[in-house]
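Here are my notes on the model you sent.

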Amino acid sequence: MTVIVAGKLYVDPMDRDRFVEGHRPIVEAARSYPGCLDLSISPDPIESGRVNNFECWESQEALDAFRAVAPRPSASVEIRDAQVLKHDVSHTGPPFD
C-alpha cells in the first residue's frame, strides 16, 4: 500500500527560505532512499509563511525505515502551525480517467 504524507506548515515568513534550505539534506537523502517515490519540501508561491510538504512512499515500512535514519534539519526554525496528514492509498492511476 502506497503511503502519502502531505500538507502545509507555517513558519515566520522571514524564516521560510531558511526552513526550506535547512530541510534540503532530508529531501536529498529521502529521494535516494529505497522505497521513496518522491519527497518535496517547498515554499508556497502565494502564502509567504507557508511551506508545502509532499512525500510518497512505496510502503509504511519504507517510510519507517527512512525516519529511523533520516538526517536532522540543518536549521532550527519554529513551526507556528502544521496541517500534515498521512494517507494510505490502496489504488493509484492516471490523474484523468
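1. Fold. The chain has three helices and four strands. Along the sequence they follow the pattern β-α-α-β-β-α-β. Keep in mind that this is a predicted model.

2. Overall dimensions. The radius of gyration is 14 Å, close to the 13 Å that the globule rule gives for 97 residues, so the chain is as compact as a globular protein of that length. Along the principal axes, the C-alpha atoms fill a box of roughly 40 × 35 × 20 Å.

3. Contacts. Residues 24 or more positions apart account for 72% of them.

4. Burial and surface. Of the 97 residues, 35% count as buried. The accessible surface of the chain comes to about 6300 Å². Carbon and sulfur atoms hold 52% of that surface.

5. Charge. The chain carries 10 positive and 16 negative charges.

6. Side chains of opposite charge can pair when their charged atoms come close. In this model the count comes to seven salt bridges. Three of these pairs are taken up below.

7. R16 and D17. The side chains of D17 and R16 meet in a salt bridge, at 4.0 Å from N to O. Are the two partners buried or exposed? D17 is exposed, with a relative accessible area of 55%. R16 counts as buried, at 14%.

8. R24 and E28. The closest N and O atoms of this salt bridge are 3.0 Å apart. Both residues lie in helix 2, which covers residues 24–31. E28 and R24 are four residues apart, about one turn of the helix. E28 is partly exposed, with a relative accessible area of 44%. R24 also counts as partly exposed, at 45%.

9. E47 and R50. This pair forms a salt bridge, with the closest N and O atoms 3.1 Å apart. E47 counts as partly exposed, at 33% relative accessibility. R50 counts as buried, at 19%. The cut-off for buried is under 20%, so R50 falls on the buried side of that limit.

10. A network. Which residues are linked with E47 and R50 in a network of salt bridges? D44 joins them.

Note on methods
Residues numbered from 1 in each chain as written. Predicted model: local features only at pLDDT ≥ 70, side-chain atom pairs only at ≥ 80, totals over all residues. Heavy atoms only, no water. Helix = DSSP H or I, 4+ residues; strand = E, 2+ residues; numbered from the N terminus. Rg over C-alpha atoms; globule rule 2.2 N^0.38 Å. Buried < 20%, exposed > 50% of the residue type's maximum accessible area, 1.4 Å probe, protein only. Contact = heavy atoms within 4.5 Å. Areas by Shrake-Rupley, 256 points an atom, 1.4 Å probe, with all protein chains shown as cover. Lys, Arg positive; Asp, Glu negative; His and termini not counted. Charge placed at Lys NZ, Arg CZ, Asp CG, Glu CD.
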